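Q: Please take a close look at how separate stretches of this chain meet through their side chains. Keep it brisk, as I am new to this structure.

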Amino acid sequence: MRGEVLHYDEDQGFGFIAGADGNRYSFAREDMRRDASVAKGALVEFQPGGGQARNVYSIRAQTSAAPAGTAAATTSPQASSKPAAAPQTQHFGRLAETETGGSTGLWSYFWRAVTENYFNFAGRARRKEFWAFCLFWMVCLIVIFGIGAGADAAMGNLDAGTDLPAMAMGLSITFVLATFVPWIGLIVRRLHDIGLTGWLAVLFFIPTVGGLATLVFALIPTQGQENRWGPVPAGVRI
């Protein structure tokens, strides 16, 4: 598979590649051939497997030299006077996606968190991504509770003072449980974005302290350079 090097730490001996299939793969020094170029932006070929890139090697431009007589016969004076077009850099996977400009919207962050990033505990999440998820998560919870309350009212569950709004509570609890994994993944990626280990997400489970710690993590600005968890997220001004 073809891909592009997003990040490589020479000292640690590991990095990330954006594959042409839209996924990001990690690789280590031992996964590279000797002639591999691992500078940021380098085009490479590799063998994907389980989120890991193996047998990584550089893609070198191959130029075929045509015979001098043939070139002279087929090239017109007008064509030879025109400057050759500069080659365009190719981008793959998530890097190309983030350069479209529309993927840094608030709703886009929330939608990706509950779809393609549902089980994503790698990479980085900027402050805007975290607060966008909080905003739409709360809006969805209110809407779901309102729908459930309306159903309870239609079924007469709210007529008696002792009855609980079973439908509203059931739908709300289901939504919270369904979004629990994306919540933890987002907290882990937010920790990565500020240069901390994702294991600090265990503080989230400590009453009172967990909520305060998560708030502090959410307010710390993004690190303005690449770190061991990936490049600076798109849209961040360095």
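**Where the chain meets itself**

A: Leu-43 is partly exposed, with a relative accessible area of 24%. Buried means under 20% relative accessible area, exposed over 50%, and partly exposed in between (1.4 Å probe, protein chains only). The model is predicted: local features need pLDDT of at least 70, side-chain atom pairs count only at pLDDT 80 or more, and totals for chains, interfaces and linings use all residues. Residues are numbered from 1 along each chain as its sequence is written, and side-chain values use heavy atoms, with hydrogens and water left out.

Leu-43 sits in strand E4. Helices (H or I, at least four residues) and strands (E, at least two) are DSSP runs, numbered from the N terminus. Leu-43 and Ile-59 are 16 residues apart in sequence, yet 5.7 Å apart in space, C-alpha to C-alpha.

Next, the charged pairs. Side chains of opposite charge can pair when their charged atoms come close. A salt bridge here is a side-chain nitrogen of Lys or Arg within 4 Å of a carboxyl oxygen of Asp or Glu. By this rule there are 6 salt bridges.

One of them joins Glu-45 and Arg-2 at 3.4 Å, N to O. Glu-45 belongs to strand E4 (residues 43-49) and Arg-2 to strand E1 (residues 2-9), so this pair links distant parts of the chain, 43 residues apart. Glu-45 is buried at 19% relative accessible area. Arg-2 is partly exposed at 33%.

Asp-31 and Arg-54 also form a salt bridge, at 3.5 Å, N to O. Asp-31 is in the loop between strand E3 (24-28) and E4, while Arg-54 is in strand E5 (residues 52-58), 23 residues apart. Asp-31 is buried, with 9% relative accessibility. Arg-54 is partly exposed, with 45%.

Arg-124 and Asp-193 pair as well, at 3.0 Å, N to O. Arg-124 is buried at 9% relative accessibility. Asp-193 is buried too, with a relative accessible area of 0%. Through shared partners, salt bridges join Arg-124, Arg-190 and Asp-193 into one network.

Now the helices. The axes of H5 and helix H8 (residues 209-219) come within 8 Å and cross at roughly 130 degrees. That makes H5 oblique to H8. Axes are lines fitted to C-alpha atoms, for helices over the stretch in contact, and angles run from 0 to 180 degrees between N-to-C directions. Angles under 35 degrees count as roughly parallel, over 145 as roughly antiparallel, 65 to 115 as roughly perpendicular and the rest as oblique.

H5 brings Arg-127, Phe-130 and Trp-131 to the contact, and H8 brings Thr-214, Leu-215, Ala-218 and Leu-219. Contact means heavy atoms within 4.5 Å. Thr-214, in helix H8, is buried at 10% relative accessible area. Thr-214 touches Phe-130, Ile-187 and Phe-204, leaving aside residues up to four places away in sequence.
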